[in-house]
Amino acid sequence: MVGFRPADVPPTAAVKFIGAGTAACIADLFTFPLDTAKVRLQIQGEEKGAAASHGTAVRYRGVFGTITTMVRTEGARSLYSGLVAGLQRQMSFASIRIGLYDSVKSFYTKGSDHVGIGSRLLAGCTTGAMAVALAQPTDVVKVRFQAQASSSGPNRRYHGTMQAYKTIAKEEGMRGLWRGTGPNIARNAIVNCTELVTYDLIKDALLKNTPLTDDLPCHFTSAFGAGFCTTVIASPVDVVKTRYMNSALGQYSSALNCAHAMVTKEGPLAFYKGFMPSFLRLGSWNVVMFVTYEQLKRAMMAAR
């Protein structure tokens, strides 16, 4: 990222790659319950009609209400359903989209010290798309686990991470493991550009215009600001991605059909279902990830 003092030794691409994946896994361990609550809220509208016909009330209300309900009805472990796939996702996904961002940005600018907004956006789109192409199956399995209510017996859709990969491939074909790749690429292009570019720009502005140095307070402020901006911009695509990934075979003909069904049945506000857990999760995830990432880069470079 920008802002390293001239005396600092710039970290290598390998250091950034490993550091980003490790930091993202640490961030996921802290914020996974918020992500699970977000998924439950995002898919809830799909069952609204069925719930109404049976006279049942809406199950989840708000981020903390969702977490409380899940703990009460399914146990605390349900908040971490899909964690293994989530960590697999971060090690492959974050390593590429975050760890390679600076290298790709340098490639587009041909090593120039002047980095424009266009080069930053292009680098963010590139690493985001590359990451999705590799990590999509892990994202599908993670979402499926988070969406299913914890239960035992034949009603439980998936019982283990590897069994989930095999079941999806067997029942839906290899295309099932890449379900929602289109909206996921769109989402992650938006997320990556907004998150990394906003973090980059806020950090650069703080270093140039405030007494802050390239340390914890600067990293914290930049990461939190990036999390808020990203949530506002990316929420609609994120909801469609979650719905489409979790859908049964044939439920939606495409991601656009999923979006159209949401607008028709639930209205435009459906695109912001789960906004608060999304923001709480993404804001806190960004803070933990970027602060840890910056410290890991320095620690690994110091150990060389």
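Author: Domain bounds here come from an automatic or database domain assignment. This is a predicted model, in which local features need pLDDT of at least 70 and side-chain atom pairs count only at pLDDT 80 or more, while totals for chains, interfaces and linings use all residues. Residues are numbered from 1 along each chain as its sequence is written, and side-chain values use heavy atoms, with hydrogens and water left out.

A cavity is a set of points, on a 1 Å grid over the protein atoms alone, where a 1.4 Å probe fits but cannot get out; lining residues have an atom within 4 Å of a point. The points are joined across faces, edges and corners, and the volume is the space filled by probe spheres set on them.

The structure has 2 cavities of 30 Å³ or more. Helices are DSSP runs (H or I, at least four residues) numbered from the N terminus. The largest share, 5 residues, belongs to α10. Domain 1 (11-80 + 276-303) and domain 3 (180-273) each supply at least three residues of this lining.

By class, the lining has 3 nonpolar, 4 polar and 5 charged residues. Ala, Val, Leu, Ile, Met, Phe, Trp, Tyr, Cys and Pro count as nonpolar, Asp, Glu, Lys and Arg as charged, and the others, Gly among them, as polar.

Technical notes: 1 Å grid on protein atoms, 1.4 Å probe; cavity = no way out; pocket = protein on both sides within 12 Å on 5 of 7 lines; lining within 4 Å. Helix = DSSP H or I, 4+ residues; strand = E, 2+ residues; numbered from the N terminus.
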